[in-house]
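Visitor: I'd like a close look at one part of this model. Could you show me the whole thing, and then we zoom in?

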There are 2 protein chains.
Amino acid sequence: MPDIRDLEVFYWVARLGGFRRAAERLHTTQPAISLRIAGLEERLGVRLLERGARLTGLTPKGREFLDYAERLLRLHAEMLDAIATPESLSGIVRLGVAETIVHTWLARFIERVHATHPAITLEIEVDVSPHLSEALLASRLDLAFLLGPVSEPHMLNLPLCSYPLSFVAGPGLDLGPEPVPLHRLVRWPVITYPKTTLPYIQLRQMLMQPALAPPRIYSSSSLSTIVRMTLDGIGVSVIPAAVIGAELARGELRLVRTEVGLPDLAFTATTPLTPDSSPAQRLARLACALAAEEDDKQSLLLSI
Amino acid sequence: MPDIRDLEVFYWVARLGGFRRAAERLHTTQPAISLRIAGLEERLGVRLLERGARLTGLTPKGREFLDYAERLLRLHAEMLDAIATPESLSGIVRLGVAETIVHTWLARFIERVHATHPAITLEIEVDVSPHLSEALLASRLDLAFLLGPVSEPHMLNLPLCSYPLSFVAGPGLDLGPEPVPLHRLVRWPVITYPKTTLPYIQLRQMLMQPALAPPRIYSSSSLSTIVRMTLDGIGVSVIPAAVIGAELARGELRLVRTEVGLPDLAFTATTPLTPDSSPAQRLARLACALAAEEDDKQSLLLSI
DNA sequence: AGAGGTTACGGGCAGCGTAAGGATC
DNA sequence: GATCCTTACGCTGCCCGTAACCTCT
């Protein structure tokens, strides 16, 4: 009598094409997967996986079974979502977070998760969005808050929040009268996110104009470091104002009006669209709600 | 993480309205059911069953859950049916059989079941059709071969086989020239199935005519006994010729042509239409196939 | 040699059956 | 008191993780 767990295991083995990867995805060991598949095949009296020293594919019955497994898992997940109480949702969610979010509302998110889903364990990994995207695709993450949608067939992208990028200067920096024109701006190094990220690329595109002096763009994967460098007067940084609320309030940093604008940083909560009941979907929705609240809070503060 | 077994247990508790009955249906004990339901409710964090010392009904969530459970079980059963090899089908099937079938092809059916589904255990109960029907409705049987369809919402009735009823006489009985008219026939006791059965009722209706002498109808729930009584010249019996092949061949009994006819005995394989994967459905289909074969065999013999 | 899957073994835990304990009619 | 469900307890058996082994590239 194959149970839900068998279906889950089989699904991930089939989808990821290997016992090892499936084991990783399901937070277990490879022998456990091996035994489960063996047991499943024995109980059904049917070979589901084509193998020859390596796993090569599914048998015809295996493909048919995969279809059923997917439908069953989907229905099962739907059921849990409809019936189960939030507190009873359990599991480990591997969450990847872009650093910007860490400096805005991640703490409140974690708190909220613990409050409403005490049985869920978060494994948080902070990294730059391209790495997060990669990790999502490789199934090493269940959920990520990162820049822009990950445009892949079975990825669910929920819009999360959007922060305008600002030019920020420390107290010792004299940029002259505002708005600061581009040619004056590039006299200073510009400090921002790492080379592989969207802001860096967009910024570089904007500054790489023949008429201008070649820009010096410094980057760090650590937002805190960018802030530190800005405070030390090393240059002008390009980051969302949202992450330096405290420094702005204390007057240690200031926003610099310029003649140019950069697109906003749009974050999404992105999670693989799986047929099994990953709590990730729930958390994604929760994050959306929370981000919306935060947004309201900001608007309120600004409107006062 | 509720598994298939939980759904099965919950389904039967809900449907039969009690832990005790569900335990019986699922071949287990009542505490096992109790614990399983408790665990399920705890994991979901939701009360599913309304109880107050006695089980009174389902909560709203329970009703919703029942709907999901039914859909999941149905899909699961469909999957097993599509994927699993016949040999891997296992379980205990409580089979009720009308005696007529015992005397025709039951032995071959049992043999066939053991050959194609060695993991299935049969629990066979021979009784008259009305009792079998009752037992089916009370979920004390998983499958029955009996007279006529059981017309109930979730009963699956598959036509099985049909035997003409014959008047049968022993060697010592002189009925005069054939075809024997009714008024001559009723001089002898007529021996047939018990009072609650269809043949008895139909026979009685036919013989209870004002113009005729009041009929003497003897009955026995044991076909063998009816045959014995017929051999002993106690009277004319009304049974299917199919069950006395041997006696006819040896000339110990003979069919009596009469001026009247009785409807055929039509048997069905009847099984409750459950969403879970009872092997009963499979066996019902198997029985159908076998009965058809037997029918062919008979036709062949007669045509020679 | 390294990656991927299978087999072997020991420990933990879930689920079952037996048996005793309420609660309600 | 009868019926039905719950709780307690000891046991079995399954499943997992560690580790060693096999087999191809």
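Which strand of chain A is joined to β7 by bridges, how many bridges are there, and do the two run parallel or antiparallel?

Guide: That partner is β10 (residues 236-240), tied to β7 (residues 165-169) of chain A by four bridges, and the two run antiparallel. Before going on, some bookkeeping: this is a predicted model, where local features need pLDDT of at least 70, side-chain atom pairs count only at pLDDT 80 or more, and totals for chains, interfaces and linings use all residues. Residues are numbered from 1 along each chain as its sequence is written, while chains are lettered from A and ligands numbered from 1 in the order in which they are written.

As for the terms, helices (H or I, at least four residues) and strands (E, at least two) are DSSP runs numbered from the N terminus, and two strands pair if DSSP finds at least two bridges between them. In general, strands of a sheet pair through backbone hydrogen bonds, either parallel or antiparallel.

Within your pair, Val168(A) sits opposite Ser237(A) of β10(A). Both strands belong to an open sheet of five strands in chain A, ordered β9-β8-β10-β7-β11, with mixed pairing. At the edges stand β9 (217-219) and β11 (254-256) of chain A; each has a single partner strand, so one side of each is left without a neighbour in the sheet. Neighbouring strands here are turned by 40° against each other on average, direction ignored; the axes behind such angles are lines fitted to C-alpha atoms, for helices over the stretch in contact, and angles run from 0 to 180 degrees between N-to-C directions.

Then there's a helix on the sheet: α9 (residues 198-207) of chain A packs there, touching β7, β8 (190-192), β9 and β10 of chain A. The direction of α9 makes about 160° with that of β8(A). Contact is defined between two residues whose C-beta atoms, placed from the backbone, lie within 7 Å.

Zooming back out, chain A has twelve helices and twelve strands in total, and its C-alpha trace spans about 80 × 45 × 25 Å along the principal axes. Of the contacts in chain A with a separation of 6 or more, 74% are between residues 24 or more positions apart. Buried residues (20 or more other C-beta atoms within 10 Å of their own, with C-beta atoms placed from the backbone) make up 36% of the 304 residues in chain A.

Methods
Buried ≥ 20, exposed ≤ 12 C-beta atoms within 10 Å, placed from the backbone.
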